[in-house]
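These are my notebook entries on a single chain. I set down what I looked up, entry by entry.

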Amino acid sequence: MLKLEETGNNEKALIAGLKEGDIECFGTLFRKYYPTFFAFVRGLVKNSHTAEDIVQNVFMKVWIHRGSLNEELSMRNFLFVLAKREVLNHFRAKYNLVKLTDNIDDNGESENNVETSYSMLSVSFTRLYLRKR
């Protein structure tokens, strides 16, 4: 087990500890990145409860797939990619639910709103990606 002091600023040691199943390293990772990713996701989905669920899913996936983490890659960037995918999955599921409901109710107005939101989200992610380059 790695000591928390050893992993504080050393991301490679943190990832190595995660790969070994060190729950303290996971806790350090969670405390370090949760506020950033919660704010990022909340800004996209405009709902604190949904943002919390999405960010928790991101960290759950990190823990489940910890054995395949790469110490050479940035954990922050990896978490951004996971968060982006989770947000897109959320909007896809929401879109599919609205589409299904619209087919039942024959109401096309809300479908257009979801399509517009999804398009705006895609453009935002593209701009964010280009800005990070």
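I took contact to mean heavy atoms within 4.5 Å. With that cut-off I looked up T50, and apart from residues up to four places away in sequence it touches V45 and H90. I located T50 in helix α4. I counted as buried anything under 20% relative accessible area, as exposed anything over 50%, and as partly exposed what falls in between (1.4 Å probe, protein chains only). T50 has 19% relative accessibility and therefore counts as buried.

Basis of the entries. I worked from a predicted model, in which local features need pLDDT of at least 70 and side-chain atom pairs count only at pLDDT 80 or more, while totals for chains, interfaces and linings use all residues. Residues are numbered from 1 along each chain as its sequence is written, and side-chain values use heavy atoms, with hydrogens and water left out.

The chain overall. I took helices (H or I, at least four residues) and strands (E, at least two) as DSSP runs, numbered from the N terminus. I found six helices and zero strands in the chain. Of its 133 residues, 32% are buried. Among contacts with a separation of 6 or more, 59% join residues 24 or more positions apart.

Helices α3 and α4. I looked up how α3 (residues 23-45) and α4 (residues 48-64) pack: the angle is about 145° and the axes are 9 Å apart. The axes are lines fitted to C-alpha atoms, for helices over the stretch in contact, and angles run from 0 to 180 degrees between N-to-C directions. The crossing of α3 past α4 is right-handed; that is, the near helix is turned clockwise from the far one by less than a right angle, anticlockwise being left-handed. Residues making this contact include F30, Y34 and F38 of α3 and I54, V55 and F59 of α4.

The loop between them. I placed K46 in the loop between α3 and α4. K46 is not a glycine, yet its phi is positive, about 60°. With 68% relative accessibility, K46 counts as exposed.

Aromatic rings. I paired rings of Phe, Tyr and Trp (its six-membered ring) if their centres lie within 6.5 Å, calling planes under 30 degrees apart stacked, over 60 edge-to-face and the rest tilted. A search of the whole structure gave nine aromatic pairs. One of them, Y34 with F59, is tilted, with 6.4 Å centre to centre and 40° between the planes. Y34 belongs to α3 and F59 to α4, so this pair ties together parts that are 25 residues apart in sequence. I noted both Y34 and F59 as buried. Ring pairs also link F26, F30, Y34, F38, F59 and W63 into a cluster. Over the ring of W63 sits the charged end of R66, 3.9 Å from the ring centre; the criterion is NZ of Lys or CZ of Arg within 6 Å of the ring centre and within 35 degrees of the ring normal.

L79. I found L79 in helix α5 (residues 75-105). L79 has 0% relative accessibility and so counts as buried. Which residues does L79 contact, leaving aside neighbours within four places in sequence? They are Y33, F37, V58, F59 and V62. I also noted 10.0 Å between the C-alpha atoms of L79 and K61, which are 18 residues apart along the chain.
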